[in-house]
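Welcome, and please load the model in your viewer.

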Amino acid sequence: QVQLVESGGGLVQAGGSLRLSCQASGRTFSSRAVGWFRQAPGKERDFVAAIAWSGGTTLYADSVKGRFTISRDNAENTVYLQMNSLKPEDTAVYSCAASRTFSSTTSRAINYDYWGQGTQVTVSP
């Protein structure tokens, strides 16, 4: 069993930055993919970014390439999402997720097994 807890969300103005953290307890992220997803009101959950815990290979949604950076801290079992140049359309609840079966990155939510409760990110115009 893996427990994931997100933090770092908040209210920022367009163009600002936030860094989200995803802290894991239980089993480590070794040989697993960890991803960030977001869900805006009235919309389905969308893929944002993912990282392979072993090796560090990353994958980004086109909408966030060049603005967001996903990284990991192996010793702290933590994954970060640095979000720069935020736009109002980035407003959503951001959740981190871990896959128990994928050792590389995947953008499909169905491939993730453990989910955090999410943290709200609101970007004002």
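Start by selecting strand S11, residues 119–124; strands here are DSSP runs of E with at least two residues, and helices are runs of H or I with at least four, numbered from the N terminus. Its covered face carries Thr-119, Val-121 and Val-123, while Gln-120, Thr-122 and Ser-124 are on the uncovered one. In a regular strand, side chains alternate between the two faces of the sheet.

A word on what you are viewing: this is a predicted model, in which local features need pLDDT of at least 70 and side-chain atom pairs count only at pLDDT 80 or more, whereas totals for chains, interfaces and linings use all residues. Residues are numbered from 1 along each chain as its sequence is written, and side-chain values use heavy atoms, with hydrogens and water left out.

Strand S2 (residues 10–13) runs parallel to S11 and is joined to it by 4 bridges; two strands pair if DSSP finds at least two bridges between them. Click on Gln-13 and you will find Ser-124 as its bridge partner in S11. Strand S9 (residues 92–98) pairs with S11 in the antiparallel sense, over 3 bridges. There, Ala-92 has Val-121 as its bridge partner.

Next, show the aromatic side chains. How many aromatic pairs does the structure hold? There are 4, where rings of Phe, Tyr and Trp (its six-membered ring) pair if their centres lie within 6.5 Å; planes under 30 degrees apart count as stacked, over 60 as edge-to-face and the rest as tilted. Select Phe-37 and Trp-115: their ring centres are 5.1 Å apart and their planes are at 55°, so this pair is tilted. Because Phe-37 lies in strand S4 and Trp-115 in strand S10 (residues 114–115), the pair ties together parts that are 78 residues apart in sequence.

Is Phe-37 buried or exposed? Its relative accessibility is 2%, so Phe-37 counts as buried (buried means under 20% relative accessible area, exposed over 50%, partly exposed in between, with a 1.4 Å probe and protein chains only). Trp-115 is partly exposed, at 25%.

Keep Trp-115 on screen and select Arg-45: its charged end sits over the Trp-115 ring, 4.0 Å from the centre. That term applies if NZ of Lys or CZ of Arg is within 6 Å of the ring centre and within 35 degrees of the ring normal. Glu-44 is in the loop between strand S4 (33–39) and strand S5 (46–52). Glu-44 is exposed, with a relative accessible area of 67%. Leaving aside neighbours within four places in sequence, Glu-44 is in contact (heavy atoms within 4.5 Å) with Arg-38 and Gln-39.

For the last stop, select the open sheet of 4 strands, antiparallel and in the order S1-S3-S8-S7. Its edge strands, S1 (2–7) and S7 (68–73), each pair on one side only. S7 is joined to strand S8 (residues 78–83) by 6 bridges, and Arg-72 stands opposite Val-79 in S8. Finish with the charged end of Arg-72, which sits over the ring of Trp-53, 6.0 Å from its centre.
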